[in-house]
Every structure is written in structure tokens, then in C-alpha cells.
Amino acid sequence: MTTLYAILIDGMIYASWLFMVAAGLTVIYGVMRILNMAHGSFYSIGAYTGASLVGWYFSGAQGAPYWSYALLLGAALVSGVVVGLLIEQGLLQFMYKRDEILMVIVTYALLLILEDATKLIFGVDPYFTFQPYSLLGRSEIGELTFANYDLALIAVAAVIGAACWLTLNRTHTGKVLRAVIQDREIAIAMGVNVKLMFAATFVVGTTLGAIAGALTAPAISVSPGIGVEVIVLAFAVVVVGGLGSIEGAIVGALLVGITRAAAVHLAPQIELFVIYGVMALVLAVRPQGLFGRDLARKI
Amino acid sequence: MLKLDKTEIWLVVSALVLLASAFLLPNWLTFILTLALAKALVVQGVVIQMRAGLVSFGQGLFFCIGGYSVGMGGAFLNIHDAFVLVALGVAASVGVAAILGLLMTRYRDIFFAMLSLALSMILYGLIVKNQALGSTDGFNVHDVSFLGWMPAGEDQKLVIFVLTVIVAGGIAIALNRYMKSGLGGVNEAIKENEIRVEFLGLSPRWILYANYLFAAGISAVGGAFTALATGHVDPEMAFWTTSGEFVFIALLGGTSHVAAPFIAAVLFALVRTYALELAPHSWQMILGFVLLAIIVFLPKGLWSLVAGKRRAAA
């Protein structure tokens with residue numbers, strides 16, 4: 001019983017983390033049809049800026065420790081928007097007419113560049129910023145204790161999910177975006193500024209990635225390579241749910257998160273295997289993912 | 001009598017030059033060349049699928065199976081003959097591909113790329129958690145013999161180099177024939193428009209299936225020789241960034257000629273050897289910019305420089 005309990009809560013925590021990581025990826029693919037291999041790099045940029053800012057705050061400044069959360073978010077917002085905008089305006093906007101598969105390779109090149117750029121800027125030594133994590137303390141649920149920070153992440157993930165869904169389905173901008181998703185050309189003909197929409201979407205997507213990184217930073221040691229590990233997990237989640245679907249990313253994250261938590265508690269040796277196993281299984285049955293749309297074949 | 005066309009004569013001549021140079025070049029250089037040629041074989045596997053429009057971001061799967069078969073054959077099955085070990089790798093790899101291919105041939109574009117990536121990451125996940133296989137450290141490959149002959153120390157490396165050159169040359173000739181055959185030509189038709197190929201009465205799915213098995217076999221040969229040459233295997237072989245490197249080399253060379261992956265792989269290895277010394281932390285960044293430059297300026301790879309000149313001269 002306790003194990004079941006632990007699986008559920010650990011699964012929820014892991015799922016909310018997965019969702020935060022995957023949300024930006026699915027938003028970008030949904031609107032722009034770009035599978036962003038460099039998404040993990042935005043995660044690591046967010047983690048690095050967040051970790052170094054918070055580290056500086058606790059070592060020098062004499063403010064209330066709770067401000068460190070605002071710093072984390074602020075770091076993510078600024079770094080995500082700046083780097084995202086730079087890349088969209090400087091490179092991607094010239095590539096929109098290329099094949100989907102070629103864009104995968106373009107963003108792969110971006111990943112290589114950004115990985116080394118973060119190494120050059122932040123060095124190769126790990127950053128530790130546990131303060132925001134331990135500040136919230138722990139709480140007992142039943143017989144088990146959990147870090148409150150982890151539980152708070154569930155709430156943050158829920159807010160991000162709700163915000164994405166509401167923007168897309170309940171606002172004017174969302175309606176325009178859905179028009180772009182349906183048919184880019186017709187949307188242009190109707191006077192939609194698709195270039196602007198693309199730039200905005202890309203920046204929102206990269207910022208979501210950076211936020212995920214910054215909020216994860218206090219819980220891990222921020223070191224080179226975290227982005228590369230994260231990207232395949234995000235792929236797994238997004239592909240399970242259906243590329244480009246917010247609802248899909250939520251369900252995918254829950255499915256992968258809880259399955260992994262179950263594996264960790266019941267059969268730790270298959271932990272990594274299980275994540276990609278779920279992905280392969282879903283793809284085998286429903287290639288377009290659980291929430292993906294079927295596409296007609298073009299002649 | 002085997003008749004060779006112009007490309008094949010060039011391939012044989014280059015192989016002979018490489019073999020002769022083995023006695024002149026320093027050991028470290030032949031070692032790098034061995035690894036580059038082995039890697040080029042894996043890249044050939046990526047290239048033949050790319051010619052049909054499929055980008056495999058998981059060719060490391062078969063690279064890894066080839067390598068681990070050599071290691072495990074020596075460690076657990078007590079097989080010490082290099083030829084048997086390589087054959088074992090190919091058999092294991094093609095066997096796995098025969099099953100996975102049934103699934104993979106249903107996917108195109110990014111779905112093929114993602115699923116191939118996921119499959120190689122599954123293998124990675126399995127190996128990393130397996131203590132008997134050395135977990136993340138991998139394990140050492142036993143010394144091997146060649147049809148009963150067991151050369152000592154440095155000679156062994158030289159023998160492996162010679163073998164790699166001969167095998168790579170043989171595979172290159174086979175690939176050249178395949179590319180020029182009807183089946184090879186259909187691959188490009190599939191890339192252009194799969195449905196029309198279907199209407200012509202061919203089954204794209206089975207052609208892609210054959211391609212997939214073929215690619216798996218060649219990649220396993222590359223993995224097996226890498227394991228023999230380095231004397232070590234580790235799960236990194238199946239990690240997705242390894243597969244990314246294969247895609248990189250494939251694009252660097254281009255897909256229009258059988259020699260292109262070899263040239264690209266050797267170039268890649270040489271540049272990396274120096275770049276890692278000069279700029280250890282910006283080596284990937286250089287790669288990234290080169291990749292972007294190729295996509296923008298040389299979409300058909302470095303080979304288009306050679307091919308373009310020839311056409312201009314004609």
C-alpha cells in the first residue's frame with residue numbers, strides 16, 4: 001500500500017517535471033512543425049542562469065531568501081526570451097520553407113552550438129543551488145515524507161498547462177494560432193501575420209524550456225550534458241501524447257511519469273528502458289500519438 | 001570474371017594505397033584511419049536510408065549491437081576468432097533489424113527519426129543498468145585470433161587495419177552496385193514520391209525493409225571493427241549523440257556517391273583529432289556551424305564539389 005502511494009506521488013512529481021520540459025517542445029512543433037532538437041539546450045541555459053543568479057544572491061545579497069524564487073523565474077524569462085529571439089530572428093526564419101526532417105538537422109546543429117556555448121560561458125564545473133529547494137522544508141503525507149519544493153512543482157506544472165490550454169482555446173490569439181496550425185497559407189491570405197506568430201511561438205517555447213530548467217536547477221547539480229539527457233525524455237513524452245498537442249503532453253507526461261515511478265519502486269533495473277518502452281509501444285499502436293491527428297497522404 | 005566500373009577501380013586503387021601506406025604511417029594515424037573507416041561503414045548504413053528519404057537518428061543501435069557482439073562473444077561464448085565474431089555481430093544485428101524493421105517500415109519523416117532514436121535509447125537503457133555488461137563503463141574486448149593466427153601487440157592493430165580496409169573496400173563495391181541497380185534507383189523514387197512508386201506496382205515498404213536490414217548489417221560490421229580496434233565497448237555506442245554524429249558525417253559527405261561517406265569520415269576524424277587539442281570546449285560548436293554551413297551552401301554535401309567540377313568540365 002505504501003509502495004502504491006509512493007509510486008503515485010513520485011509519479012506525479014516526475015510527471016509534472018516531464019510536462020514542464022515537454023510543453024515548450026510541443027508548442028513549437030504544434031504551430032511551426034519544427035521538432036526542436038535544441039530544446040534541451042534551452043532547458044540547460046535556464047538551469048545555468050537560474051543557478052548562477054541564485055548562487056550569487058545567497059552568497060552576497062542580503063535580501064529575503066524567498067526572493068530567490070522570483071530570481072529563478074526572472075532568469076528563465078530573460079534568458080529564454082533573449083536566446084530564443086536571437087535564434088529565431090538570426091537563423092530559423094530563413095529556413096521555414098525547408099523540409100520537416102531537415103529542420104530536425106538544423107536544430108541538431110543548434111544543439112551542438114548551444115551546448116558548447118553554455119560550457120564556454122558557465123564553465124564545466126557543476127553548480128549547486130540547494131537553498132530554494134531546502135527552504136520550503138518537507139512534509140509528511142501518510143508514512144512518507146516529500147520535499148515541498150517537489151510538490152510545489154506539481155502546482156507550477158498545472159498552472160503552465162492551464163495557461164497554455166487557455167491561451168490556445170479561449171483567447172483571440174489562440175484562435176489565430178489555431179488557424180495558422182490548420183492552414184498556414186490560408187491564414188496568411190486572411191491577413192494573419194504568420195511571421196510574428198512564428199517568432200512569438202518560438203520564444204514562448206524556448207522560454208518554457210528555460211523555466212523548466214531554472215525550476216529544476218535547485219534540485220539537481222547543474223552540469224554540462226543535462227540538456228542532452230532531457231531532450232530524449234521530452235521527445236518520449238511528446239511523441240506518446242501526440243506531437244503538437246498540449247493535452248497529449250499532459251497525458252504523455254502522466255503515463256511516462258507514473259510508469260517510471262512504478263519501475264523505480266518495483267524493478268529499478270528497467271527504469272530507463274521503461275520510458276522508451278512506453279514510447280515505442282504507443283508508436284507501434286498509434287503512430288501519431290494518443291492525441292495526434294491522422295494525416296492524409298499527399299500524392 | 002568480375003568487371004569493375006570506373007568508381008570501383010578507384011575504390012580498389014585507394015584501398016591498395018591505404019594498405020601500402022600502413023607500413024609508412026605512424027601507428028596512431030593507422031589507428032585513427034581504422035576507426036574512421038569503421039565509422040564510415042555505419043554512415044553508409046545511414047546514407048542508404050537517407051537516399052530513400054529516411055533519416056535514422058538511431059543507427060547507433062546496430063553500431064552498438066555489432067560492437068557488443070564482439071565483446072560478448074569473447075567474454076561469454078569463448079569465441080576468439082575475429083571473423084566469427086564479426087559474423088556474429090552482423091547476424092545479431094540483422095536478426096534484430098528483421099523484427100524491428102516490420103515496425104519501422106511503417107514510419108516516415110520525423111517519426112522514423114524519433115522511433116529509431118527511441119529504439120537505440122532502449123538498448124542504451126538496458127546496457128547501462130546491466131552490471132554483467134559493465135554498466136556505463138562497458139568492458140574490455142578479449143584479444144582475438146585470425147583463423148588460428150594470433151599476432152602479438154602492435155601487429156594485431158596492423159592486422160585489424162588491413163582487414164578493415166579490405167572489408168570496407170568490398171562493402172563499398174557492393175554498395176556501388178546496389179546504388180546503380182534497379183532496386184537502388186527505386187530508393188530515390190520512394191524519396192521523391194512514394195505513392196507513385198506504389199502505383200507502378202512496387203512495394204515501397206518491402207524495399208525499405210530490405211534497405212533497413214542491409215543498413216543494419218553494414219553498421220554492425222562498423223561496430224564490430226570499432227570494438228576490435230579499440231579493444232573496448234561501452235553503452236555510449238548506443239547513445240543518441242553517437243547516432244547524431246553518423247547523421248552529421250552522412251550530410252557532410254553527401255549521399256550521391258559511395259566514396260563520399262569514407263572521405264567525410266576520414267576528414268571528420270582528422271579534424272577532430274586536432275580540434276580536440278586546440279579547442280576542447282568549442283569543438284562541438286565548430287561542428288554545429290559546419291553543419292549549418294553545409295545545409296545552407298552545400299545541401300548535397302562535400303561530394304557535390306567533386307561532382308560539380310566534373311560536370312563543368314564535361
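The following legends describe close-up views of a predicted model.

**Figure 1. Overall fold of chain A.** Chain A contains 12 helices and 4 strands. Its radius of gyration is 19 Å, close to the 19 Å given by the globule rule for 299 residues, so chain A is as compact as a globular protein of that length. The C-alpha trace of chain A spans about 60 × 45 × 35 Å along its principal axes. Of the 299 residues of this chain, 49% count as buried. Among contacts in chain A between residues at least 6 apart in sequence, 77% join residues at least 24 apart.

**Figure 2. The interface between chain A and chain B.** Contacts between the chains involve 36 residues of chain A and 35 residues of chain B. On the side of chain A that touches chain B, helix H4 (100–122), helix H10 (226–241) and helix H12 (271–285) each supply at least two residues. H4(A) gives the most to this side, with 16 residues. By class, the residues on this side of chain A comprise 28 nonpolar, 2 polar and 6 charged.

**Figure 3. The largest nonpolar core and the surroundings of B:Ala118.** This core holds 203 residues, of which A:Leu18, A:Ala22, A:Ala236, A:Val237, A:Met279 and B:Ala118 touch the most other members. Helix H1 (residues 2–32) of chain A gives the most to the core, with 17 residues. When neighbours within four places in sequence are left aside, B:Ala118 is in contact with A:Ala236, A:Tyr276, A:Met279 and A:Ala280. In soluble globular proteins, nonpolar side chains tend to be buried together.

**Figure 4. Packing of helix H1 against helix H6 in chain B.** The axes of H1 (residues 6–21) and H6 (residues 153–180) of chain B come within 10 Å and cross at roughly 175°. This angle makes H1(B) roughly antiparallel to H6(B), because it is over the cut-off of 145 degrees. H1(B) contributes B:Thr7, B:Glu8, B:Leu11, B:Val12, B:Ala15, B:Leu18 and B:Leu19 to the contact, and H6(B) contributes B:Val162, B:Val165, B:Ile166, B:Gly169, B:Ala172, B:Ile173 and B:Asn176. The residues in this contact of H1(B) with H6(B) are 10 nonpolar, 3 polar and 1 charged.

**Figure 5. Packing of helix H3 against helix H5 in chain B.** H3 (residues 60–76) and H5 (residues 109–128) of chain B pack at an angle of about 35°, and their axes are 8 Å apart. From H3(B), the residues B:Gly60, B:Leu61 and B:Cys64 meet B:Leu119, B:Ser120 and B:Leu123 of H5(B). The contact of H3(B) with H5(B) has 4 nonpolar and 2 polar residues, with no charged residues.

Methods: Residues numbered from 1 in each chain as written. Chains lettered and ligands numbered in written order. Predicted model: local features only at pLDDT ≥ 70, side-chain atom pairs only at ≥ 80, totals over all residues. Contact = placed C-beta atoms within 7 Å. Nonpolar A, V, L, I, M, F, W, Y, C, P; charged D, E, K, R; others polar. Axes fitted to C-alpha atoms, helices over the stretch in contact; angles between N-to-C directions. Parallel < 35°, antiparallel > 145°, perpendicular 65-115°, else oblique. Core = buried A, V, L, I, M, F, W, Y, C linked by C-beta atoms within 7 Å. Buried ≥ 20, exposed ≤ 12 C-beta atoms within 10 Å, placed from the backbone. Rg over C-alpha atoms; globule rule 2.2 N^0.38 Å.
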